[in-house]
Amino acid sequence: MIPLKDLTSRRSFPAVTFFLIAANIAVFIYQLSLPPATAETFVRTYGLVPSKIQLALLGRHYSMQQALLPLFTCMFLHGGFLHILGNMWFLWIFGANVEDRLGSLAYLLFYIVCGVGSGVAQAAFSWGSRIPSIGASGAISGVLGAYIVLFPASRILTLVPLFVIFFMARIPAVIFIGLWFVVQFLSGLDSLGAHTAAAAGGVAWWAHVGGFALGVLLAWAIKPARQRAPSY
């Protein structure tokens, strides 16, 4: 299923969402400008590599800054056009209204916290791995978690494939995002026995699960205070 549009109106311009999309695109263009060997070094330096954290904790080879900084920087790296296109599309569809509800500064902080938290979850479930994890999907998973809490009655205009036929449907957000999360969780369980990124399908499933769970928890903590404010 491909989300086309959320059908909940918003009251403000999503400046931070635009900024995050622009920042991701700018970094991706920079990645494309690098020679292959330099690009690989760039990803290994700024992508999240769990083995670096393990070695840094043991006081070997890497400083804690070198090991932990990628928890932030990996959110802005992508592995290809489809990777960044899918992530930025989901960020636009679901992020604009979450920003509208939280406010721009709170939303930016929320996004970063979810991104870092998703990286921690991925590192924990792939402890010792030397494969870099990159992409904004962990932070965006947090946005989806907030969306399902803040807009449970919203509907998502969705393109649904049925064999060779495509049709559009207005699917409740709780169903669309709920099914998405079930796929992420089951795929994460299936990846636990995988020892390489290729065997796991090259997807950081536990970053998705961790980011989503953190987004849900943070949104539930924020929601009661926000509900006291009048809505027009």
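Which helix gives the most to the nonpolar patch? The legends below lead to the answer, beginning with the whole chain.

**View 1. The whole chain, a predicted model.** Local features here need pLDDT of at least 70 and side-chain atom pairs count only at pLDDT 80 or more, while totals for chains, interfaces and linings use all residues. Residues are numbered from 1 along each chain as its sequence is written, and side-chain values use heavy atoms, with hydrogens and water left out. You will find 10 helices and three strands, where helices (H or I, at least four residues) and strands (E, at least two) are DSSP runs numbered from the N terminus. From the N terminus on, their order is β-α-α-α-α-α-α-α-α-β-β-α-α. The radius of gyration is 18 Å, close to the 17 Å that the globule rule gives for 232 residues, so the chain is as compact as a globular protein of that length. That radius is taken over C-alpha atoms, and the globule rule is 2.2 Å times the number of residues to the power 0.38.

**View 2. The nonpolar patch on the surface.** F125, V182, F185, L186, L189 and L192 come together here, with about 540 Å² of accessible area in total; such areas come from the Shrake-Rupley method with a 1.4 Å probe, and for residues only the protein chains shown count as cover. Helix α9 (residues 173-191) gives the most, with four residues. L186 is found in this helix α9. Patch residues have over 30% relative accessible area and no salt bridge; nonpolar side chains (Val, Leu, Ile, Met, Phe, Trp, Tyr) are joined within 5 Å, like charges within 9 Å.

**View 3. The salt bridge between D100 and R11.** A salt bridge is a side-chain nitrogen of Lys or Arg within 4 Å of a carboxyl oxygen of Asp or Glu. In this pair the closest N and O atoms are 3.7 Å apart. D100 lies in helix α6 (residues 81-102) and R11 in the loop between β1 and α1, so the bridge ties together parts that are 89 residues apart in sequence. D100 counts as buried because its relative accessibility is 13%; buried means under 20% relative accessible area, exposed over 50%, and partly exposed in between (1.4 Å probe, protein chains only).

**View 4. The salt bridge between E40 and R44.** Both residues lie in helix α2 (residues 36-46), four residues apart, about one turn of the helix. E40 counts as partly exposed, at 47% relative accessibility, and R44 counts as partly exposed at 38%.
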